[in-house]
Amino acid sequence: MTGKKEKASEKREKRLQEISLLRTIPYSDHQRWWSEETIAVVTGANRGIGFEIAKQLAGHGLTVILTSRDTSVGIEAAKVLQEGGFNVDVHQLDILHEESISEFTKWIKEKYDGVDILVNNAGVNYNLVSGNSMEYAKQMIETNYFGTKNMIKAMIPLMRPSAAGARIVNVSSRLGKLNGRRSRIEDEALREKLSNLETLSEDLIDNMVSTFLQQVEADTWQSGGWPQKFTDYAVSKLAVNLYSMLMAKQLSERPEGEKIYINCYCPGWVRTAMTSWSGNVSAEHAADTGVWLALLPNEAVTGKLFAERRELKV
């Protein structure tokens, strides 16, 4: 077992080195579809992965809107980037509250007349390392799934038409897979419906998380066929991945010039406050795939889950 872990660690380290090298290669002029006029919104960007995504996007010359649940913390985070010469604005946003989302969308419409990129980074995880308590399952689902979904719905009408297409990137997890090695939906009939784009629907996803929360309330979730590790987090991220697939299908029907591409990615086990600094990936590396997806040059990649710039199967 130790040998397998060592090999996996070596493989991950090699891939991170490859990505570090890729990041040193600048985008060519014909690849750069963006400019300083391109507006990118990053939620939960006052620290950790979100802050690093905001920093890297701004470093590529975009105008970045850094959002934070806490106004003063957000202002301080934005100030750090502004003092570094980056074009960064800031606004309060709590994705758990519809009035906060509404106020934010009104502000960004009035000030910027729309957005080009949305990075849904805001999220929570209350179970660390070996814990699997369901004490905060409701908050987990409401934040990671419903909060993300509500942001997508609010931002889509504000996404500006362009030849390159607007972009939505959801920070998710490889734990949110239907047939994952460490996470799996055991209900075969449900798994089949969720994996088929013809039967996948928003109601089906909502009913899945509702059933899970009902079983948590009744303390029967352990026999419900849910993932047995980081269960509430895995279910919340599975819902995000599935909703992204569903939205990709719907948004693909938009005419050329009005396309919106939506993808998810797993940043890995990152050294941030969310993991109590126990992760094995830096925030800088963790942000890379999200930034890469946001800036993909004229490639109609949509409805996918990635990790370390490689596609994973949901």
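Buried means under 20% relative accessible area, exposed means over 50%, and partly exposed lies in between, with a 1.4 Å probe and protein chains only. A word on the source: this is a predicted model, where local features need pLDDT of at least 70, side-chain atom pairs count only at pLDDT 80 or more, and totals for chains, interfaces and linings use all residues. Residues are numbered from 1 along each chain as its sequence is written, and side-chain values use heavy atoms, with hydrogens and water left out.

Overall shape next. The C-alpha atoms fill a box of roughly 50 × 45 × 40 Å along the principal axes.

Now the parts. The chain has 9 helices and 8 strands. These are DSSP runs, numbered from the N terminus: helices are H or I with at least four residues, strands are E with at least two.

In what order do the strands form the sheet? The order is 3-2-1-4-5-6-7-8, in an open sheet with mixed pairing. Two strands pair if DSSP finds at least two bridges between them. Strand 3 (88-92) and strand 8 (310-312) stand at the edges, each with a single partner strand, so one side of each has no neighbour in the sheet. From one strand to the next, the twist averages 25°.

Look at one pair. Strand 4 (residues 117-120) and strand 5 (residues 166-171) run parallel, joined by 4 bridges. There, N120 stands opposite N170 in strand 5.

Helices pack on this sheet. Helix 2 (residues 48-59) touches strands 1, 2, 3, 4, 5 and 6, and its direction makes about 170° with that of strand 1. Helix 8 (residues 231-251) lies across strands 5, 6 and 7, at about 160° to strand 6. Axes are lines fitted to C-alpha atoms, for helices over the stretch in contact, and angles run from 0 to 180 degrees between N-to-C directions. Contact means heavy atoms within 4.5 Å.

Last, one residue. H285 lies in helix 9 (residues 283-295). Is H285 buried or partly exposed? H285 is partly exposed, with a relative accessible area of 21%. Leaving aside neighbours within four places in sequence, H285 is in contact with L16 and S20.
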